Amino acid sequence: MVKVHFEVTDTTTAAKPCPMCTKSDSRPLLKVESGSYNQKDLHMNLCQQCGTAYFTDDDPVDGYDTQDFANDYWYNYVQNGAGISAMLEPIFALKSNPAGSLLDIGCGFGYVPHFWQTMGRGDAIGLEMSAYGRIGAEKLGITVVPEYYAKAEAIKDRRFVYVYSGEVIEHVEDSFKFIKEISTALSDDGILVLTTPSATTLTPTSNKHVVLATLSPGFHYFVSSKSALSDLLTQSGFDHVKVHDSGHRLFAWASRKVLPDIELGFSAWDLYLDYLKILSDNADHHVASGAVYRGMKDSYNLGKFDRADWFYECFKKVTKEGFDLDLGDIKPALDLSRDRKQLDNHLVPS
């Protein structure tokens, strides 16, 4: 069990500069005890200048690309773990009904490029170094380049109308270099779309599960503040910047031209459910079952009961055909789940 302790006084390399504003004026914020993700205690300071929280330890990030992660993580991710609606939210916020070429930096499994192409928005390419990006390219039928942008020769001369990077910047050590680098992929009137966790969440009174997800010990270098991200984008050459703090996530849109109208808050539920309906027809039963599970749950919560019924019928079918689990007789599935020795989501879906 990972534990987070606020109001600590001990820290390491306290003079380590902030990765967002590069200042060294900080104070101890919290300590994370070692757990299943982080193999050592980690210490986080809060920048007094820009409000960014950042780990002060040497090598605080272990990364994603372990063999177990590559082999097993993607099952959980597609079945239940990936927040597809959260990925699409900053795109849906652009009320201009965006279309044109899109580059997704750190695309993960590739849902955003797949949505973009499937829904007729334009050509889309993803960049992803982790193994589940290569699996996503195969399962979704999209182009995912397994390179960092600076080394992606296949697209070095291309410019994109949209460059999207969701929950990525917190994984890099040099945030300014990252933004300057990926900005070169934008066309002159292109829009950069970013999301990242918000430092607003990191208080002793916040929900402990949200705090832990925000910190993601062993995966994140820092957690930005709204003002720090806004300043970073402005200093990176963008004349028009909008950053919204939802309370646990930051959404940012930046361009050298005037931005279109942005509507905050997720409202395009029918479009999202239409995408899940398309995704439910995927040949891989892990991908398909994850789509119909989300569609069933979200339709029901929205009061769209006809759509929920449709997704439920699909859910019963793919669960039976893909996992040999009968939702009409759930006891064998429960017994299988209780008796298993490990989280083998390729056999028992999450």
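**Group meeting: sheets, a cavity and a buried valine**

Let's start with a residue pair: in β2, the bridge partner of His-5 is Lys-31. Strands and helices here are DSSP runs numbered from the N terminus, with helices being H or I of at least four residues and strands E of at least two. Before going on, a word on the source. This is a predicted model, where local features need pLDDT of at least 70 and side-chain atom pairs count only at pLDDT 80 or more, while totals for chains, interfaces and linings use all residues. Residues are numbered from 1 along each chain as its sequence is written, and side-chain values use heavy atoms, with hydrogens and water left out.

Back to that pair. Strand β1 (residues 4-6) runs antiparallel to strand β2 (residues 26-32), and 3 bridges join them. Two strands count as paired if DSSP finds at least two bridges between them. β2 also pairs with strand β3 (residues 42-47), again antiparallel, over 6 bridges. On that side, Lys-31 stands opposite His-43.

Next, the open sheet. It has 7 strands in the order β7-β6-β5-β8-β9-β12-β11, and the pairing is mixed. Which strands stand at the edges? They are β7 (143-145) and β11 (240-245); each has a single partner strand, so one side of each is left without a neighbour in the sheet. The twist averages 15° from one strand to the next. Axes are lines fitted to C-alpha atoms, for helices over the stretch in contact, and angles run from 0 to 180 degrees between N-to-C directions.

Now look at β8, residues 160-166. Strand β5 (residues 102-105) pairs with β8 in the parallel sense over 3 bridges. There, Asp-104 has Tyr-164 as its bridge partner. β8 also pairs with β9 (residues 186-197), parallel, over 6 bridges. Two partners in β9: Leu-192 for Val-163, and Thr-195 for Gly-166. 6 of the 7 residues of β8 are buried, so β8 is largely enclosed by the rest of the structure. Buried means under 20% relative accessible area, exposed over 50%, and partly exposed in between, with a 1.4 Å probe and protein chains only.

On to the helices. α7 (residues 226-235) lies across β9, β11 and β12 (249-255), and runs at about 165° to β11. Contact here means heavy atoms within 4.5 Å. α3 (residues 111-118) is mostly covered, with 6 of its 8 residues buried. Among them are Tyr-111, His-114 and Trp-116. Just after α3, Gly-120 takes a positive phi of about 75°.

Trp-116 comes up again at the largest cavity, whose lining also includes Tyr-162, Tyr-164 and Val-193. A cavity is a set of points, on a 1 Å grid over the protein atoms alone, where a 1.4 Å probe fits but cannot get out; lining residues have an atom within 4 Å of a point. How many cavities of 30 Å³ or more are there? The count is 1. About 40 Å³ of space lies in the largest cavity. Volume is the space filled by probe spheres set on the points, which are joined across faces, edges and corners. The lining divides into 8 nonpolar, no polar and no charged residues. Nonpolar covers Ala, Val, Leu, Ile, Met, Phe, Trp, Tyr, Cys and Pro; charged is Asp, Glu, Lys and Arg; the others, Gly among them, are polar.

Last stop, Val-292, in helix α9 (residues 285-302). Val-292 is buried, at a relative accessible area of 2%. Not counting residues up to four places away in sequence, Val-292 touches Ser-280, Phe-311, Cys-314, Phe-315 and Val-318.

Key:
On a 1 Å grid over the protein atoms alone, a cavity is a set of points where a 1.4 Å probe fits but cannot get out, and a pocket is an open set with protein on both sides within 12 Å along at least five of seven lines; lining residues have an atom within 4 Å of a point.
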